[in-house]
Amino acid sequence: MSRLPSLGARGEGWVALQLALIGAIVAACWWSGGRWALPLQSVVGPIGNILLIGGLFIVVIGALGLSSSFTVMPCPRDDGGLVTTGLYRYVRNPIYAGLIAAMVGASLGSASWLALVLTGALVLVLDLKSRREEAFLRERFPGYGAYAARTKKFLPGIY
C-alpha cells in the first residue's frame with residue numbers, strides 16, 4: 001500500500017494537480033515568454049520545438065498503446081489490463097515522459113523561465129502521481145512488480 005494519498009477514489013486530485021500545472025505552464029509560455037539572447041535562440045528554440053512535437057507524439061502513441069486500458073486516473077480501469085508492449089516495453093510511463101518533454105520544449109521554445117520552474121513542479125507531481133498509480137497497479141496485477149523491476153519509470157535505462 002502506498003503512503004501517498006489517493007486524492008479521490010480513483011486519484012482525481014492527482015489529475016487536477018497535473019492539469020492545473022499544464023495550464024499554468026501554457027499560460028506562462030504565453031505571458032512570460034520572450035526570446036533567448038542570440039546565438040542561444042538559434043539553438044534553444046529548435047531544441048524546444050523538437051521536444052514539444054516529439055513529446056506530444058510520445059503522449060499520443062502511449063495513449064494509443066494502452067487502447068481500452070487508457071484512463072487519465074491513477075487507478076486502473078476495472079476492465080483494463082496490464083500493458084507491457086510498445087512504448088511500455090521501454091518505460092512504465094511513456095505518457096508522462098512525453099508530457100514532460102513537451103512542457104520542457106514549450107518552456108524552452110518560449111524562453112520562459114517561469115514555465116521551466118512550473119515544469120519542474122509538474123515533474124514532481126507526475127513522479128508522485130506515478131508512485132500512487134503504481135501502488136494501484138501492484139494491487140490489481142500480480143505481474144506488475146516483475147515488470148517494474150525490469151523497466152524504468154520515465155527514461156529507458158536511466159530513471
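Modeller: Here is a nonpolar surface patch of about 460 Å², made by Phe57, Ile58, Val60, Ile61 and Leu64. This is a predicted model: local features need pLDDT of at least 70, side-chain atom pairs count only at pLDDT 80 or more, and totals for chains, interfaces and linings use all residues. Residues are numbered from 1 along each chain as its sequence is written, and side-chain values use heavy atoms, with hydrogens and water left out.

Biologist: What goes into a patch?

Modeller: Residues with over 30% relative accessible area and no salt bridge; like charges are joined within 9 Å, and nonpolar side chains (Val, Leu, Ile, Met, Phe, Trp, Tyr) within 5 Å. Accessible areas come from the Shrake-Rupley method with a 1.4 Å probe, and for residues only the protein chains shown count as cover.

Biologist: Where is Phe57, and is Phe57 buried or exposed?

Modeller: Phe57 sits in helix α2, residues 40-66. Helices are DSSP runs (H or I, at least four residues), numbered from the N terminus. Phe57 counts as exposed because its relative accessibility is 55%. The cut-offs are under 20% for buried, over 50% for exposed, and partly exposed in between (1.4 Å probe, protein chains only).

Biologist: New topic. How many salt bridges are in the whole structure?

Modeller: Five. A salt bridge here is a side-chain nitrogen of Lys or Arg within 4 Å of a carboxyl oxygen of Asp or Glu.

Biologist: Which residue does Asp78 pair with?

Modeller: Arg140, with the closest N and O atoms 3.5 Å apart. That pair links distant parts of the chain: Asp78 is in the loop between α2 and α3 (94-110), Arg140 is in helix α4 (residues 113-140), and they are 62 residues apart. Asp78 is exposed at 67% relative accessibility. Arg140 is partly exposed at 32%.

Biologist: And what about Glu134?

Modeller: Glu134 forms a salt bridge with Arg92, closest N and O atoms 2.6 Å apart. This pair also links distant parts of the chain: Glu134 is in helix α4, Arg92 is in the loop between α2 and α3, and 42 residues separate them. Glu134 is buried, with a relative accessible area of 7%. Arg92 is buried as well, at 14%.

Biologist: What does Arg77 bridge to?

Modeller: Asp79, with the closest N and O atoms 3.1 Å apart. Arg77 is partly exposed at 30%, while Asp79 is exposed at 53%.

Biologist: Which residues are linked in a network of salt bridges?

Modeller: Asp127, Arg131 and Lys153.

Biologist: How many disulfides does the structure hold?

Modeller: Zero, where a disulfide is a pair of cysteine sulfur atoms within 2.5 Å. Cys29 is buried at 15% relative accessible area. Cys75 is buried at 11%.

Biologist: Last one. Where does Ser32 lie, and what does Ser32 contact?

Modeller: Ser32 lies in helix α1, residues 12-32. It is partly exposed at 34%. Leaving aside neighbours within four places in sequence, Ser32 is in contact (heavy atoms within 4.5 Å) with Ala27, Ala111, Ser112 and Leu114.

Biologist: Which side chain makes a polar contact with the side chain of Ser32?

Modeller: Ser112, at 2.7 Å. A polar contact is a pair of N or O atoms within 3.5 Å; within protein, one must be able to donate a hydrogen and the other to accept it, and residues adjacent in sequence count only if both atoms are side-chain atoms. The backbone oxygen of Ala28 also lies 2.7 Å from a polar side-chain atom of Ser32.

Conventions: Helices (H or I, at least four residues) and strands (E, at least two) are DSSP runs, numbered from the N terminus.
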